[in-house]
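Colleague: Can you walk me through this model? I'd like the surface, then the charges, then the rings.

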Amino acid sequence: MSVSFENSETRLNLMRAFAGESQARNRYTYAAGLAKRKGLEVVQQVFLFTADQERAHGKVFYDLLQPMAGQTIQIDGGYPVDLYSDMLDNLKAAQHNEEEEHDMVYSSFSKIAAQEGFDAIAHTFTMIAGVEKTHAQRFEYFAKLLAEDRLFVSDVETGWMCLNCGQIIHSTAAPAVCPVCKHGQGFFIRLELAPFTGFGKKE
């Protein structure tokens, strides 16, 4: 079934996706602020990193609406109110929302786009759904560490990087204070999770 873009369900789904990604970006930015206030700067960075990827997704969906430039698209949709004072609740909510996007929302949008003859858009929905699954796994991992009180503790000696200055400490726990920049424990991340640190491994 091939339909014109201006009469398609796909154009509505693109706007729903744009709205959803925009809201996710804001929710994660707000959650990042909460993490910072709680002294969990590493969790703050996880939320901000993800928020910026949601911004990129939003732009992809918005750019695909170019044929509708100058028009207003009316949509309906439901979006979560994730106003939690507990950091673990925010991580779990983010995980749930990302799983829902992967498992239900974008898979459905992709099928509809393919049925309407928009194969490239269908593929875009599928690819971004894959990224959302990665987001869910990331939030799940940090939620697990936080719930088990292992965010800054390891069963074996491991490397810890200060996200502020880059100092690396090898221990079973991140230091309470960075010995170099004096920033708190909340800035430390397991070395294997730190950005741009895989260059020392043999290929």
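Modeller: The protein chain exposes about 11300 Å², and carbon and sulfur atoms supply 54% of it. Accessible areas come from the Shrake-Rupley method with a 1.4 Å probe, and for residues only the protein chains shown count as cover. This is a predicted model: local features need pLDDT of at least 70, side-chain atom pairs count only at pLDDT 80 or more, and totals for chains, interfaces and linings use all residues. Residues are numbered from 1 along each chain as its sequence is written, and side-chain values use heavy atoms, with hydrogens and water left out.

Colleague: What share of the residues counts as buried?

Modeller: Of the 203 residues in the protein chain, 42% count as buried. Buried means under 20% relative accessible area, exposed means over 50%, and partly exposed lies in between (1.4 Å probe, protein chains only).

Colleague: How many helices and strands are there?

Modeller: The protein chain has four helices and three strands. From the N terminus on, the order is α-α-α-α-β-β-β. Helices (H or I, at least four residues) and strands (E, at least two) are DSSP runs, numbered from the N terminus.

Colleague: On to charges. How many salt bridges does the structure hold?

Modeller: It holds seven salt bridges. The term means a side-chain nitrogen of Lys or Arg within 4 Å of a carboxyl oxygen of Asp or Glu. In one of them, Arg-16 pairs with Asp-76, with the closest N and O atoms 2.9 Å apart. Arg-16 lies in helix α1 (residues 9–37) and Asp-76 in the loop between α2 (41–63) and α3 (87–115), so this pair ties together parts that are 60 residues apart in sequence.

Colleague: Is Arg-16 buried or exposed? And Asp-76, buried or exposed?

Modeller: Arg-16 counts as buried, at 16% relative accessibility. Asp-76 is exposed, with a relative accessible area of 54%. Both residues also belong to a network of salt bridges that links them with Glu-9.

Colleague: What does Arg-27 form a salt bridge with?

Modeller: Its partner is Asp-82, and the closest N and O atoms are 3.7 Å apart. Arg-27 is in helix α1 and Asp-82 in the loop between α2 and α3, so the pair ties together parts that are 55 residues apart in sequence. Arg-27 counts as buried at 16% relative accessibility, and Asp-82 counts as buried at 18%.

Colleague: And Lys-144, which residue does it form a salt bridge with?

Modeller: With Glu-148, the closest N and O atoms being 2.5 Å apart. Lys-144 is partly exposed at 43% relative accessible area, and Glu-148 is partly exposed at 37%.

Colleague: Rings now. How many aromatic pairs does the search find?

Modeller: A search of the whole structure finds 11 aromatic pairs. Rings of Phe, Tyr and Trp (its six-membered ring) pair if their centres lie within 6.5 Å; planes under 30 degrees apart count as stacked, over 60 as edge-to-face and the rest as tilted. Phe-5 and Phe-118 form an edge-to-face pair, 5.7 Å centre to centre with 85° between the planes. Phe-5 sits in the segment before α1 and Phe-118 in the loop between α3 and α4 (119–147), 113 residues apart. Both Phe-5 and Phe-118 are buried.

Colleague: Why is the pair of Phe-18 and Tyr-62 stacked?

Modeller: Their ring centres are 4.4 Å apart and their planes are at 20°, so the pair is stacked. Phe-18 lies in helix α1 and Tyr-62 in helix α2, so parts 44 residues apart in sequence are tied together.
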